[in-house]
Amino acid sequence: MSRAASQNELEALITPVVESFGLELWGLEYTPFGGSALVRVFVDGPNGVTLDDCTRISDQLSALFDVEDPIPVAYRLEVSSPGLDRVLFRSEQYQRYIGEAIKVRLRWPVDGRRNMTGVLRACEGDAVLLDVDGESVTVPLEAVQRARLVYAGDVPPRRD
């Protein structure tokens, strides 16, 4: 590829590699800056992810990127588990964690706020419903810049 691959094209390249290890591509963050980029790949599985899993996937992706050249600038590749305070990327991930606390940073204000923490009550269509300070707030998914589970330290979020 002579141009920078889109997020979807990168996911299409990465997904088969991750799945070949019996794992799921949880999410992908591609951040170009200056003359370089950061490619952060989050993988998960029913029994979690080990350091060896991340190393093997990183090695395979590095080789694939050498051949396909999806990023025309110098880049840093990171492969990791999403962790207990995992970032939520897709609506089906939000649906897995209904009833859990999440922290949301928004691209634009909703109800006068760009940052909020609340309990995820529903994910329907293209919006999530949060209970924030005792009030229901509907947040369009397109407004979400980043959402992650809140890990309080005592009880980890469910791993559905």
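1. Let's start in the middle of things. The largest nonpolar core has 22 residues, and Tyr 94, Leu 130 and Val 139 are the ones with the most contacts inside it. Strand 4 gives the most, with four residues. Another core lies apart from it, with 20 residues, among them Val 18, Val 41, Leu 61 and Phe 65. As background, nonpolar side chains tend to be buried together in soluble globular proteins. Please keep in mind as you read on that this is a predicted model.

2. Now step back to the whole chain. The protein chain has three helices and eight strands, and along the sequence they follow the pattern α-β-β-α-β-α-β-β-β-β-β. The C-alpha atoms fill a box of roughly 50 × 35 × 25 Å, taken along the principal axes. Of the 160 residues, 38% count as buried. If you look at the contacts with a separation of 6 or more, residues 24 or more positions apart account for 57% of them.

3. Begin with strand 1 and strand 2 (residues 36-44): they run antiparallel and are joined by nine bridges. Pro 32 stands opposite Ala 37 in strand 2. Two residues lie between the strands of this hairpin, where Gly 34 takes a positive phi near 55 degrees.

4. Further along, strand 4 (residues 101-110) and strand 5 (residues 113-124) pair in the antiparallel sense, this time over six bridges. Val 110 stands opposite Arg 113 in strand 5. Which residue in the turn has a positive phi? Here the residue is Asp 111, at about 50 degrees, in a hairpin with two residues between strand 4 and strand 5.

5. Five bridges join strand 5 to strand 6 (residues 127-132), and the two run antiparallel. Glu 124 stands opposite Ala 127 in strand 6. This hairpin has two residues between its strands, and Gly 125 takes a positive phi near 60 degrees. While you look at these strands, remember that side chains in a regular strand alternate between the two faces of the sheet.

6. Next, the surface has an opening to find. The largest pocket has a volume of about 390 Å³. It is lined by 17 residues, and the closest to its centre are Leu 88, Phe 89, Arg 107, Val 144 and Gln 145. Helix 1 (7-19), strand 1 (24-33), helix 3 (91-96) and strand 8 (144-149) each supply at least two residues of the lining. Which element gives the most to the lining? That is strand 8, with four residues. By class, the lining has eight nonpolar, four polar and five charged residues.

7. Gln 93 is found in helix 3, and it counts as buried because its relative accessibility is 0%, below the 20% cut-off. Not counting residues up to four places away in sequence, Gln 93 touches Trp 26, Val 87 and Leu 88. Asn 8 lies in helix 1. Its relative accessibility is 59%, so Asn 8 counts as exposed, which requires over 50%. The C-alpha atoms of Asn 8 and Leu 28 are separated by 9.5 Å, and the two residues are 20 residues apart along the chain.

8. Finally, Gly 99 shows the middle category. Where is Gly 99 found? Gly 99 sits in the loop between helix 3 and strand 4. Gly 99 counts as partly exposed because its relative accessibility is 43%. Not counting residues up to four places away in sequence, Gly 99 touches Val 119 and Leu 120. Asn 47 is 52 residues from Gly 99 along the chain, and their C-alpha atoms are separated by 22 Å.

Key. Residues numbered from 1 in each chain as written. Predicted model: local features only at pLDDT ≥ 70, side-chain atom pairs only at ≥ 80, totals over all residues. Heavy atoms only, no water. Pairing = 2+ DSSP bridges. 1 Å grid on protein atoms, 1.4 Å probe; cavity = no way out; pocket = protein on both sides within 12 Å on 5 of 7 lines; lining within 4 Å. Points joined across faces, edges and corners; volume = space filled by probe spheres on them. Nonpolar A, V, L, I, M, F, W, Y, C, P; charged D, E, K, R; others polar. Core = buried A, V, L, I, M, F, W, Y, C linked by side-chain atoms within 4.5 Å. Buried < 20%, exposed > 50% of the residue type's maximum accessible area, 1.4 Å probe, protein only. Contact = heavy atoms within 4.5 Å.
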